[in-house]
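Hi there,

Here is the structure I promised to pass on to you. Have a look at it first, and my notes follow just below.

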Amino acid sequence: ELLQIGTNVLWTGTMNEDETTKALSDKVVDRSTLITFPRPKKLIGRNKNVNQKTKYVLDKEQWSKWLNSAVNIEQIDKTVMDDMQDTVERINAKMSELGRNLGHRVWQGIQNYIVNYPDVISSSDESKRREAVQKAFSEAVAFKIMPKLRGVEVSGEYEDIIDDIAK
C-alpha cells in the first residue's frame, strides 16, 4: 500500500557511535554533523520502559521560518570567511599527508552550519556576529573535520602533522 507523505513531514535521525556500534563510514561522516556528548558523570539505570508524551511538535510553519532565517553568506564579513576557508585549506593540506583528504562537502557543510547558527542569525551588531561566526566555525571544525582523524596515531610518525593541524 502506498502512503502519500506531505511536505509537512520532516525526516531527521540520530545514530549512536559508541562501544556498542561500529565506526561510522567516512561517507556518513561527510554528510552528517557529528555531535559528541561528554561521558555522563553518573550512570542512571532504567527500571522500566516508559513511553513519554511528545513535548514539542515542529510544524511546517516553524520549519519554514527556520529555513528562511538563515543568514546569506554575503552578510558575513568576506575577510573572516576567507580566513576560515584558508584555515580549512591549510588543515586539508596536512590531512592529505595523513591520507585523510577533505572534500568540497566538508567546507560546504561548515559554511551551512555557520549561516544557520542561531547566534549568527540573531546578531544585529557586527562585532557580536563576528564573535558568533567564530564560535560556529570552531564547532563546525569539531563536527566536520576532527572525526576524520579517528584512528590516527597522535605520536610517532604523524606527531608533527597532528601538531600542525592543532595549530
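Please keep in mind that this is a predicted model.

Let me start with a pair of helices. H3 (residues 78-97) packs against H4 (residues 104-115) at an angle of about 145°, and their axes lie 11 Å apart. The crossing of H3 past H4 is right-handed. On the H3 side, the contact is made by Met 81, Met 84, Gln 85 and Val 88, while H4 brings in Trp 107, Ile 110, Gln 111 and Ile 114. By type, the residues of this contact are six nonpolar and two polar, with no charged ones.

Next, the aromatic residues. Searching the whole structure turns up two aromatic pairs. In one of them, the ring centres of Tyr 113 and Tyr 117 are 5.7 Å apart with the planes at 50°, so this pair counts as tilted. In the other, Tyr 113 meets Phe 143: the ring centres are 5.5 Å apart and the planes are at 85°, so this pair is edge-to-face. The pair with Phe 143 links distant parts of the chain, as Tyr 113 sits in helix H4 and Phe 143 in helix H6 (residues 126-144), 30 residues apart. Together, Tyr 113, Tyr 117 and Phe 143 form one aromatic cluster.

Notes. Residues numbered from 1 in each chain as written. Predicted model: local features only at pLDDT ≥ 70, side-chain atom pairs only at ≥ 80, totals over all residues. Heavy atoms only, no water. Axes fitted to C-alpha atoms, helices over the stretch in contact; angles between N-to-C directions. Helix = DSSP H or I, 4+ residues; strand = E, 2+ residues; numbered from the N terminus. Left-handed = near helix turned anticlockwise from the far one by under 90°. Contact = heavy atoms within 4.5 Å. Nonpolar A, V, L, I, M, F, W, Y, C, P; charged D, E, K, R; others polar. Phe/Tyr/Trp six-rings, centres within 6.5 Å; stacked < 30°, edge-to-face > 60°.
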